[in-house]
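Subject: Structure handover

Hi there,

Here is the structure I promised to pass on to you. Please open it alongside this email and have a look around before reading my notes.

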Amino acid sequence: MAKSATPAVELPVGEHTVRVSNPDRVYFPELGATKLDLVRYYLSVGDGIVNALRDRPCMLHRFPKGLPGGKVHQKRLPGGAPDWISTVRVYFPRYGRHADELCVQRLADVIWAVQMSTVEFHPWNSRATDTESPDEWRIDLDPMPDCPWTRVRRVAGVVHEVLDELGAVGWPKTSGGSGLHVYVRIAPEFGFQQVRRAALAFAHEVRRRAPADVTTAWWRKDRDPAQLFVDYNQNARDHTIAAAYSVRGVPAATVSTPVRWSEIDAIHPRDFTLSTVPARYAELGDIQAGMDDAVFDLTPLLELADRHGVDEPVDLDE
């Protein structure tokens with residue numbers, strides 16, 4: 001006789017109850033971490049993950065059979081959603097199609113997505129009220145294969161320096177991989193092309209100050225494998241990166257974790273995992289909670305782009 005499946009677990013999450021099926025399914029074999037472990041992780045960082053996702057179109061990285069079964073990139077909301085799950089319709093010019101994407105409003109939305117096998121959450125840098133006007137400038141410090149973590153730390157210091165000179169507040173987080181992300185809240189007054197052009201001007205300034213460490217070369221083949229790429233392309237339309245507090249779909253279950261600038265010299269991305277972040281969050285809370293109160297005007301950066309003759313980046317949707 002076949003062994004019966006583990007009974008589903010029903011969890012109250014705010015005003016809603018989320019039914020978690022197959023709670024003992026192992027998602028991370030190296031750790032023995034299950035679907036229910038993943039649910040409990042997201043419950044432990046509830047305010048933080050909701051703050052990172054609220055009102056944004058969100059692409060999901062789903063692993064229906066756990067990591068060994070492979071990843072599904074899901075733009076459209078998975079079928080079977082309860083009527084309290086919110087969506088936002090976005091258009092993809094390259095394909096001439098629309099998609100109704102998850103638009104998180106509350107923690108129950110996140111836990112329902114985990115029930116639907118979501119491990120990673122990848123939100124847009126714009127909100128449902130105006131999906132074509134980003135309110136988040138994203139600085140992606142992306143190390144090339146031979147770039148050491150010491151170089152990432154060093155470039156992060158340069159990024160912090162330039163942001164301070166601009167009067168912008170940057171909010172760093174580990175990528176959950178080998179790099180760092182820095183977010184800057186901006187007024188939703190510019191389109192994706194302008195934000196990306198401003199990001200390119202910023203990247204050029206960082207490269208000017210750290211030419212031995214930084215590349216902004218468009219093509220990967222043109223980048224020194226020991227350098228760090230300041231990836232302005234993450235500000236292009238429909239380009240997404242893992243949210244703050246998102247678990248990554250890798251064997252170690254690392255987490256894209258907000259950190260303080262003062263911590264960067266003492267930490268490594270591998271320090272932050274599904275197992276370690278809950279205790280950190282219980283102690284510190286969401287250290288990016290004040291982001292909406294620190295809005296930067298992109299105009300000076302666009303003026304810098306004009307002065308330095310920074311061309312409009314290639315339209316990635318064409």
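This is a predicted model: local features need pLDDT of at least 70, side-chain atom pairs count only at pLDDT 80 or more; totals for chains, interfaces and linings use all residues.

**Helix α5 and its two partners**

Two packed helices are described by the angle between their axes and the distance between the axes. Let me begin with α5 (residues 192-209) and α7 (residues 299-307), which pack at about 70° with 8 Å between their axes. Angles of 65 to 115 degrees count as roughly perpendicular, so α5 and α7 fall into that class. Their crossing is left-handed. On the α5 side, the residues involved are Q194, R197, A198, A201 and F202, and they meet L301, L302, L304, A305 and D306 of α7. Sorted by class, that contact holds 7 nonpolar residues, 1 polar and 2 charged.

Helix α4 (residues 149-166) also packs with α5, this time at an angle of about 120° and with the axes 10 Å apart. That makes α4 and α5 oblique to each other, and the crossing here is right-handed. From α4, the contact draws on V155, V158, V159, E161, V162, L163, E165 and L166, while α5 brings in F202, E205, V206 and R209. The class count for α4 with α5 is 8 nonpolar, no polar and 4 charged residues. If you are browsing the side chains, F202 is one to click on: it is among the α5 residues that meet α7, and it is also listed in the contact with α4.

**H181**

Is H181 buried or exposed? Its relative accessibility is 4%, and because buried means under 20%, H181 counts as buried. The residue sits in strand β12 (residues 180-185). Its side chain makes a polar contact with the side chain of K173, at 2.7 Å. Leaving aside residues up to four places away in sequence, H181 touches I139, D140, W171, P172, K173, T174, S175, I241, A242 and S256.

**A252**

A252 belongs to the loop between β14 (228-231) and α6 (277-284). With 39% relative accessibility, A252 counts as partly exposed. Once residues up to four places away in sequence are set aside, A252 touches L31 and T273.

Happy browsing, and do write back with any questions.

Best wishes

Definitions and conventions:
Residues are numbered from 1 along each chain as its sequence is written. Side-chain values use heavy atoms; hydrogens and water are left out. Axes are lines fitted to C-alpha atoms, for helices over the stretch in contact, and angles run from 0 to 180 degrees between N-to-C directions. Helices (H or I, at least four residues) and strands (E, at least two) are DSSP runs, numbered from the N terminus. Angles under 35 degrees count as roughly parallel, over 145 as roughly antiparallel, 65 to 115 as roughly perpendicular and the rest as oblique. A crossing is left-handed if the near helix is turned anticlockwise from the far one by less than a right angle, and right-handed if clockwise. Contact means heavy atoms within 4.5 Å. Ala, Val, Leu, Ile, Met, Phe, Trp, Tyr, Cys and Pro count as nonpolar, Asp, Glu, Lys and Arg as charged, and the others, Gly among them, as polar. Buried means under 20% relative accessible area, exposed over 50%, partly exposed in between (1.4 Å probe, protein chains only). A polar contact is a pair of N or O atoms within 3.5 Å; within protein, one must be able to donate a hydrogen and the other to accept it, and residues adjacent in sequence count only if both atoms are side-chain atoms.
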